[in-house]
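Student: I have a new structure open on my screen. Could you help me learn how to read it?

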Amino acid sequence: MKNMLILNGPNLNLIGKRETDIYGKDNIQDLYRVILEESKKMNITVEFFQSNHEGEIIDKIQSSVNTYDGIVINPGAYTHYSYAIYDAIKSVDKPFVEVHISNIHKREEFRQKSVTAKACIGQITGFGFYSYILGLYSIINYIGGEK
């Protein structure tokens, strides 16, 4: 059975409360519930980590080497400027898929650029919570794992 990490960056702990016209009214616990339900269908285990601190995200990535088969990451605002998270992703030999709840390419100009996606096997954006599910399926397909 594959073990995956869902890694969320800053302010994602506030989904359901902030900018509900963009992120919806469901909260992060609702997101985790949806992912856990789908992970059973995929025959994988999933763990969750969220931090508003760049260094904690980097530490989690670095410590993932022997723990996870793949990582779905939503770096939040760090997407647009964190070369430190980019470097951390590149330093770990695991498939990462960057996901976003909203379509970042339809948002403000500064949000349309991702520096972290270049370190990932792909990016999924704009499908709400389902972006995470698509990210998990993408990693499973990439590593040729169980479905």
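Tutor: Let's go through the sheet, the helices beside it, the salt bridges and a surface patch. Keep in mind that this is a predicted model.

Student: Let's begin with the sheet. How many strands form the sheet, and in what order?

Tutor: To read a sheet, follow which strand pairs with which. Here 5 strands make an open sheet, ordered S2-S1-S3-S4-S5, with parallel pairing. At the edges you find strand S2 (44-50) and strand S5 (122-125), each of them pairing on one side only. From one strand to the next, the twist averages 20 degrees.

Student: Which helix packs on the sheet, touching S1, S2, S3 and S4?

Tutor: That is helix H3 (residues 54-62), and its direction makes about 170 degrees with that of strand S1 (2-8). Helix H5, residues 130-143, lies across S1, S2, S3, S4 and S5 and runs at about 140 degrees to S1.

Student: How do I look at one pair of strands in detail? Over how many bridges do S3 and S4 pair?

Tutor: Strand S3 (residues 70-74) and strand S4 (residues 96-100) pair in the parallel sense over 3 bridges. For a landmark, find Ile-73, which stands opposite Glu-98 in S4. S3 also pairs with S1, again in the parallel sense, over 5 bridges. There, Met-4 has Gly-70 of S3 as its bridge partner.

Student: Is S3 mostly covered or mostly open?

Tutor: S3 is mostly covered, as 5 of its 5 residues are buried. Look at the directions too: Gly-70, Val-72 and Asn-74 point one way from the strand, while Ile-71 and Ile-73 point the other way, and all are buried.

Student: Now the charged residues. What should I look for?

Tutor: The general idea is that side chains of opposite charge can pair when their charged atoms come close. This structure holds 3 salt bridges.

Student: Which residue forms a salt bridge with Asp-30?

Tutor: It is Arg-33, and the closest N and O atoms are 3.5 Å apart. Both residues lie in helix H2 (residues 28-42), 3 residues apart, about one turn of the helix. Arg-33 also meets Glu-37 in a salt bridge, at 3.7 Å from N to O.

Student: Why are Glu-37 and Arg-33 separated by about one helical turn?

Tutor: Because they are 4 residues apart in helix H2.

Student: What about Glu-38: which residue is its salt-bridge partner?

Tutor: Glu-38 pairs with Lys-41, with 3.1 Å between the closest N and O atoms. These two are 3 residues apart in helix H2, so about one helical turn separates them. Glu-38 counts as buried because its relative accessibility is 18%, and buried means under 20%. Lys-41, at 58%, counts as exposed. As for the salt bridges that share partners, they join Asp-30, Arg-33 and Glu-37 into one network.

Student: Finally, the surface. Which residues form a nonpolar patch?

Tutor: Look for Ile-121, Tyr-142 and Ile-143, which together have about 280 Å² of accessible area.

Student: Is Ile-143 buried or partly exposed?

Tutor: Ile-143 has a relative accessible area of 32%, so it is partly exposed. Now try tracing these features yourself on the screen!

How values were computed:
Residues numbered from 1 in each chain as written. Predicted model: local features only at pLDDT ≥ 70, side-chain atom pairs only at ≥ 80, totals over all residues. Heavy atoms only, no water. Patch = residues over 30% accessible without salt bridge, like charges linked within 9 Å, V, L, I, M, F, W, Y side chains within 5 Å. Areas by Shrake-Rupley, 256 points an atom, 1.4 Å probe, with all protein chains shown as cover. Salt bridge = Lys/Arg side-chain N within 4 Å of Asp/Glu carboxyl O. Buried < 20%, exposed > 50% of the residue type's maximum accessible area, 1.4 Å probe, protein only. Pairing = 2+ DSSP bridges. Axes fitted to C-alpha atoms, helices over the stretch in contact; angles between N-to-C directions. Contact = heavy atoms within 4.5 Å.
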